[in-house]
Amino acid sequence: MNSRDKLHGGEIYDPCDEEILKEQYRYLDRLYDFNMTRPTELEKRTAMLKVMFAEIGENCYIEPPLHTNFGGHHVHFGKNVYANFNLTLVDDTHIYVGDNTMFGPNVVVATAGHPILPQLREKGYQYNASVRIGKNCWIGAGAIIVPGVTIGDNVVIGAGSVVTKDIPSNVVAVGNPCRVLREVGEHDRMYYFKDRKIAPELLG
């Protein structure tokens, strides 16, 4: 098995393999072009993302600059996904994001890891583990999601959280390391921020 075959299998491999880099640079050139688009070139951005990403649904918006290792080639977005500026997708293997999920600014989603053993890091070795994020999630500003994590549906990840373990559906989770704070419940059906009530017509 060569290094290219190990990208998606969780095995240790050399990310500087010539075959990998040749492919990676081609995708990164596309990413560069995307980040150079003007704010008014929305249709152009949409068309570019359909080429760049493995999958991307309708009505997705990504605010440049976007940072990725493989130009989004291993990224799978559902529909209505929104990403604020400086989203970093370390997409050395697959990242899956469900419909209607939002990313605050400066979020990092990483699939690549490096061995703890120094002798292996000296050789530049790496391994990858996929990340899965469910539907209707809100990933707060500056959050970091590490390799191999799965986040359920309808989850809020607090700003600045470091998500090192799986998070179940329908919860608010915060902190470093990120832990479940509470379930999404009746209080959230009445208030959207502190003591500010949700207008009934918004739920109609």
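This is a predicted model: local features need pLDDT of at least 70, side-chain atom pairs count only at pLDDT 80 or more; totals for chains, interfaces and linings use all residues.
Residues are numbered from 1 along each chain as its sequence is written, and side-chain values use heavy atoms, with hydrogens and water left out.

**Exercise 1.** Determine how the rings of Y61 and Y82 are arranged.

Solution. Rings of Phe, Tyr and Trp (its six-membered ring) pair if their centres lie within 6.5 Å, and planes under 30 degrees apart count as stacked, over 60 as edge-to-face and the rest as tilted. A search of the whole structure finds 4 aromatic pairs. In one of these, the centres of Y61 and Y82 are 5.9 Å apart and the planes stand at 10°, so the pair is stacked.

**Exercise 2.** Decide whether F77 and F103 are buried or exposed, and how their rings are arranged.

Solution. Buried means under 20% relative accessible area, exposed over 50%, and partly exposed in between (1.4 Å probe, protein chains only). Both F77 and F103 are buried. Their ring centres lie 6.2 Å apart with the planes at 15°, so this pair is stacked. Together with F53, the residues F77 and F103 form one aromatic cluster.

**Exercise 3.** Find which rings have the charged ends of R26 and R132 over them.

Solution. A charge sits over a ring if NZ of Lys or CZ of Arg is within 6 Å of the ring centre and within 35 degrees of the ring normal. The charged end of R26 is over the ring of Y27, 5.2 Å from its centre, while that of R132 is over the ring of Y96, 4.1 Å from its centre.
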